[in-house]
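Q: I am new to this structure and would like to learn how to read it. Could we go through a few features together?

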Amino acid sequence: MKPLAVLLSLALGAGAATPSMARADDAMAPAAASQGDSGVYYEIFVRAWYDTNGDGIGDLNGVTAKLDYLKSLGISGIWLMPINSSPSYHGYDITDYYGINPQYGSVADLQHLVDEAHKRGIAVTMDMVINHTSNEHPWFLDAQKTGQAHRDWYSWTDRKPDLKAQSATDTPIWHQGGEGWYIGVFGGHMPDLNYDNPAVRAEMIKVGQFWLGKGVDGFRLDAAKHIYVNFKSDEHDPKALASNVAWWSEYHDALAKVNPKVTLVGEVSAKSPKELAPYLKPLGSIFDFPLAEQLIVSAKGENADALGKLLTATYEAYKVAGDTPHIDSTFLSNHDQERVMSRLNGNLDHMRVAAAMLLTLPGRPYIYYGEELGMEGRKPDENLREPMRWQREASTGESRWKPSSVNQGQAVSVQAEQDDPNSLLNSYRTLIRWRAQNSALRDGTLEVVHTGNPHLLAFWRDDGKQRVLVVHNLSGKPASWKPAAKPLPAGAAVLLKTQDGATLANGRLSLPAYGSVVVQ
């Protein structure tokens, strides 16, 4: 993998061309790369995905059963939200790091899923929740009394602390336990582990190595910055940051002994790329929260100015990682955020533009399950994690873990969209295929181009083998633009386009409303 400043990209996979996402010619231009690995990942909440045993709850065998759907979409990797034993519906409070939630299946079921995914060229990453455990974990139950073996696995005080003290997540940080008070950044039911204890570090490394030994390819690291950023005062403390970086470096190096190609991606909530950048060296990839927010804001506001500036600032900040291999993990939304289609108020044009921008930018794009269908969902969290819509009418295999909070009708389902050439699902398939077939979109550097038009986002992608210009029209009106600073080379032509009507003549590019093009 190349450094992000030199690389910035992974691909997006398969799907047939459609009238709404047409190629410039019937055949892909000769300069385009052959079909390759897309590099696009897909986040799955197993409970909501697909049920194979009739209990109404999605399971690991259900993920296996739908691998061919993911392959048809062009997905190269999946991220499974927590599948370890847990008392909650979401699983972010673990009681057994070596076990599988029995509602989801068994370790054998996971191994079968990994084997079948690998046959299809799909990597499998697990959610690794090691900042905290459940308050029902045997370790924490043992830690209730002073002097017990696991007491120092958590952060305790015997003297009554300031109960008004705030955590880095703006919640009370101290919680009363059996004998004393303990730190729980995410609440009393999720006590934080004490990473100043070597035994905790060793155990968490052992857990990661265990699952790598089962064939898992890597981990999404929950709450990665909160290992040491606990109190509100730790938020911008360089000592807390240095402690986080040191731990994650130790963790990565230990896991790399089992799998040198282990994929790690950290959840580091941040408002600026400078806050993300220090985590690139130890982890190799970080979810780009500032970019996700700006992609949605720009698509909704039909204005690209702030997005272009943020992209430039991001890759400038990421230079701190130097030559260490790293990649930006990009996305539009995840299980903690209101779904994109809801934030865009159901506007399908804005949704297509947001997807087109995501899937032509550098990085490793992540798609949240159902996003490709246009599923909606607003807070509270349960409503962001509703059953995947497979059929027009819910039937065998549909998760029934909760009723729907939205009324989108039968049109928002795989069955309804898979054969509709103008569906959002097929727009995603085509965009992913673009990325898989064109090395510049997959692996190229990024150079933002100033267009003088706030509705246009333009950038060059170049991987040394292919150089293309990508232009997105974020507005509902046609746009025309002629590059001035760096005129297009002689013979340049529209290689790919999302809509008919995009043309290039005499160096001037004309785009229809909400249209995107790739010029080579």
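Q: Let me begin with strands. How many bridges join S17 to strand S20?
A: Before we count, please keep in mind that this is a predicted model. Strands are read in pairs, by the bridges that link them and by their relative direction. Here, S17 and S20 (residues 508-511) run antiparallel and are joined by three bridges.

Q: Which strands pair with S8?
A: Strand S6 (residues 156-157) runs antiparallel to S8, with two bridges joining them; Thr157 has Trp181 of S8 as its bridge partner. Strand S7 (residues 174-177) also pairs with S8 in the antiparallel sense, over four bridges, and there His175 stands opposite Tyr182. A hairpin of two residues leads from S7 to S8.

Q: Which way do the residues of S8 point, and are they buried or exposed?
A: For a strand, follow the side chains to one side or the other. In S8 (residues 180-183), Gly180 and Tyr182 point one way, Trp181 and Ile183 point the other way, and all are buried.

Q: What does Gly77 touch?
A: For a single residue, ask where it sits and what lies around it. Gly77 belongs to strand S2 (residues 77-80) and is buried, with a relative accessible area of 0%. Leaving out residues up to four places away in sequence, Gly77 touches Val40, Tyr41, Tyr42, Ile122 and Ala123. The C-alpha atoms of Gly77 and Gly121 are 8.1 Å apart, although 44 residues separate the two along the chain.

Q: Now helices. Why does the span of H10 agree with what it should be?
A: Helix H10 (residues 289-301) has 13 residues, which at 1.5 Å a residue should span 18 Å, and its end C-alpha atoms are 18 Å apart, so the two agree. At the start of H10, a side-chain oxygen of Asp288 comes to within 3.1 Å of the backbone nitrogen of Leu291. Just after H10, Glu302 has a positive phi of about 55°.

Q: What covers the buried residues of H10?
A: Among the buried residues of H10 are Phe289, Leu291, Leu295 and Ile296. The cover includes strand S11 (285-287), helix H11 (305-317) and helix H13 (348-358).

Q: Why is H15 largely enclosed?
A: Count the buried residues: 14 of the 14 in H15 are buried, so the rest of the structure largely encloses this helix. H15 (residues 424-437) reaches 20 Å from its first C-alpha to its last, close to the 20 Å expected.

Q: At what angle do the axes of H6 and H7 cross?
A: For two helices, look at the distance, the angle and the handedness. The axes of helix H6 (residues 198-213) and helix H7 (residues 238-256) cross at roughly 40° and come within 10 Å; the crossing is right-handed. Residues that meet there include Met204 and Gly208 in H6, and Trp247 and Tyr251 in H7.

Key. Residues are numbered from 1 along each chain as its sequence is written. This is a predicted model: local features need pLDDT of at least 70, side-chain atom pairs count only at pLDDT 80 or more; totals for chains, interfaces and linings use all residues. Side-chain values use heavy atoms; hydrogens and water are left out. The expected span of a helix is 1.5 Å times one less than its number of residues. Buried means under 20% relative accessible area, exposed over 50%, partly exposed in between (1.4 Å probe, protein chains only). Two strands pair if DSSP finds at least two bridges between them. Contact means heavy atoms within 4.5 Å. A polar contact is a pair of N or O atoms within 3.5 Å; within protein, one must be able to donate a hydrogen and the other to accept it, and residues adjacent in sequence count only if both atoms are side-chain atoms. Axes are lines fitted to C-alpha atoms, for helices over the stretch in contact, and angles run from 0 to 180 degrees between N-to-C directions. A crossing is left-handed if the near helix is turned anticlockwise from the far one by less than a right angle, and right-handed if clockwise.
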